[in-house]
Amino acid sequence: MDRQQWQDFLANAGARWEGERAHFPETEADLHLVDLSPLGAVSVSGPDSQKFLQGQLTCDLVNLPDGHATPGTHCNPKGRAISAFSALKVDQGDLLLRLPRDLAGTAKTALAKYAVFFKTELTELADSHRWLGLQGRDATARAQQLLGLEPITAGQVASFDCDGERGLAEALNEQQVALLVPAAYAPQLWQKLAEHTDPASYDRWLQTQIEAGMPQLHAATSELFIPQMLNLHLLGGLSFKKGCYTGQEVIARMQYRGASKRRLYRARCASGSLPEAGSEIFGDGESSIGNLVEACHSEEGIELLAVLTIAKVATGEALRLADGRVLEIQELPYDAEADPLA
């Protein structure tokens with residue numbers, strides 16, 4: 001089933017499409033089913049896969065147990081993040097990067113430059129697979145019941161049967177489980193899960209990630225930020241104990257010799273058109289003080305994550321989008337000033 005057929009299938013189930021995002025009427029159900037079409041994946045398979053990625057990514061895969069996932073980035077030699085993702089480790093020769101669809105091709109191409117020296121194969125799972133999401137109270141427990149999974153908790157990965165093919169379930173937290181399934185099986189699984197859930201928009205999924213302070217990069221923001229600007233050193237996406245990897249010198253220098261002058265903030269603005277990733281953000285003057293990372297609609301307006309100049313935010317001056325909408329800084333669920341090395 002190609003992308004257009006999938007969109008037609010969900011339209012018949014009540015979806016209204018805006019680009020890659022399916023919108024459904026909001027309900028107060030305990031468990032929601034979300035189409036995650038804006039997400040893509042890069043599969044990394046073969047006997048050298050872990051060894052190859054360990055020398056490229058900022059996260060530590062060697063010490064990550066099988067059946068677990070971790071945030072991470074792949075950087076250029078200047079320490080700028082080409083891609084940010086969740087790395088799912090089924091085992092040492094079977095790994096998967098979950099990231100926005102519009103960045104998957106870029107991520108694969110950047111990694112492929114170095115993969116020729118290893119026994120590993122990179123595959124972008126574009127139209128061959130689909131992401132679905134379960135979101136709500138006790139989503140991990142409900143996923144176990146509905147899919148026959150082994151018990152999983154936040155940060156764990158499990159396989160399940162899709163008519164003889166493999167599906168993967170990743171527990172992002174206790175309320176969100178991402179499901180990667182073969183595209184041909186996706187309609188069958190949607191109909192099965194829909195009997196126990198209400199459909200929900202991708203914005204609902206994204207809002208939970210934004211409230212958690214978990215960033216995503218897109219094609220427009222690739223190579224724009226050093227990982228510490230995205231708070232990934234506070235989210236488990238940077239290892240300062242593993243061996244060398246591309247961009248490590250710049251990243252380590254920033255960590256040990258001086259803090260970043262910019263970091264990730266959570267904010268909210270009035271409803272309206274959704275600002276695009278990479279959009280500039282301004283203070284009192286006409287000079288940009290940062291860039292938008294991710295945004296979604298909510299009942300309160302627009303929720304967003306942005307990388308901003310710390311000193312400018314500290315002054316309390318008004319922050320605004322290019323169209324004049326004012327940003328209100330919101331709390332993050334972690335201490336953004338913490339030192340992970342302390």
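**Exercise 1. How many salt bridges does a search of the whole structure find?**

Solution. The structure is a predicted model, and a search of the whole of it finds 15 salt bridges. Among the residues involved, Arg3, Glu20 and Asp127 are linked with one another in a network of salt bridges.

**Exercise 2. Determine which parts of the chain the pair Arg21 and Asp203 ties together, and classify both residues by burial.**

Solution. Step one is the contact itself: the side chains of Arg21 and Asp203 meet in a salt bridge, with an N to O distance of 3.0 Å. Step two places the partners, for Arg21 lies in strand 2 (residues 21-23) and Asp203 lies in helix 6 (residues 202-211), so the pair ties together parts that are 182 residues apart in sequence. Step three applies the cut-off, by which a residue counts as buried when its relative accessible area is under 20%. Arg21, with a relative accessible area of 16%, is therefore buried, and Asp203, at 6% relative accessibility, counts as buried as well.

**Exercise 3. Identify the salt bridge that Glu294 forms with Arg21, and state where its partners lie.**

Solution. The side chains of Glu294 and Arg21 meet in a salt bridge at 3.9 Å, N to O. This pair links distant parts of the chain, since Glu294 belongs to strand 16 (residues 288-298) and Arg21 to strand 2, 273 residues apart. Both Glu294 and Arg21 are buried.

**Exercise 4. Explain why helix 6 is described as largely enclosed, and list its buried residues.**

Solution. Seven of the ten residues of helix 6 are buried, so the helix is largely enclosed by the rest of the structure. The buried residues are Tyr202, Asp203, Trp205, Leu206, Thr208, Gln209 and Ile210.

**Exercise 5. Which residues touch the most other members of the largest nonpolar core?**

Solution. In this core of 62 residues, Leu36, Leu53, Leu57, Leu61, Leu96 and Trp131 touch the most other members. To examine one of them, leave aside residues up to four places away in sequence; the contacts of Leu96 then include Val42, Leu88, Leu125, Trp131, Leu168 and Leu180, and also Ser43 and Ser86. A second, separate core has 29 residues, including Trp6, Ala139, Ala143 and Leu149.

Technical notes: Residues numbered from 1 in each chain as written. Predicted model: local features only at pLDDT ≥ 70, side-chain atom pairs only at ≥ 80, totals over all residues. Heavy atoms only, no water. Salt bridge = Lys/Arg side-chain N within 4 Å of Asp/Glu carboxyl O. Helix = DSSP H or I, 4+ residues; strand = E, 2+ residues; numbered from the N terminus. Buried < 20%, exposed > 50% of the residue type's maximum accessible area, 1.4 Å probe, protein only. Core = buried A, V, L, I, M, F, W, Y, C linked by side-chain atoms within 4.5 Å. Contact = heavy atoms within 4.5 Å.
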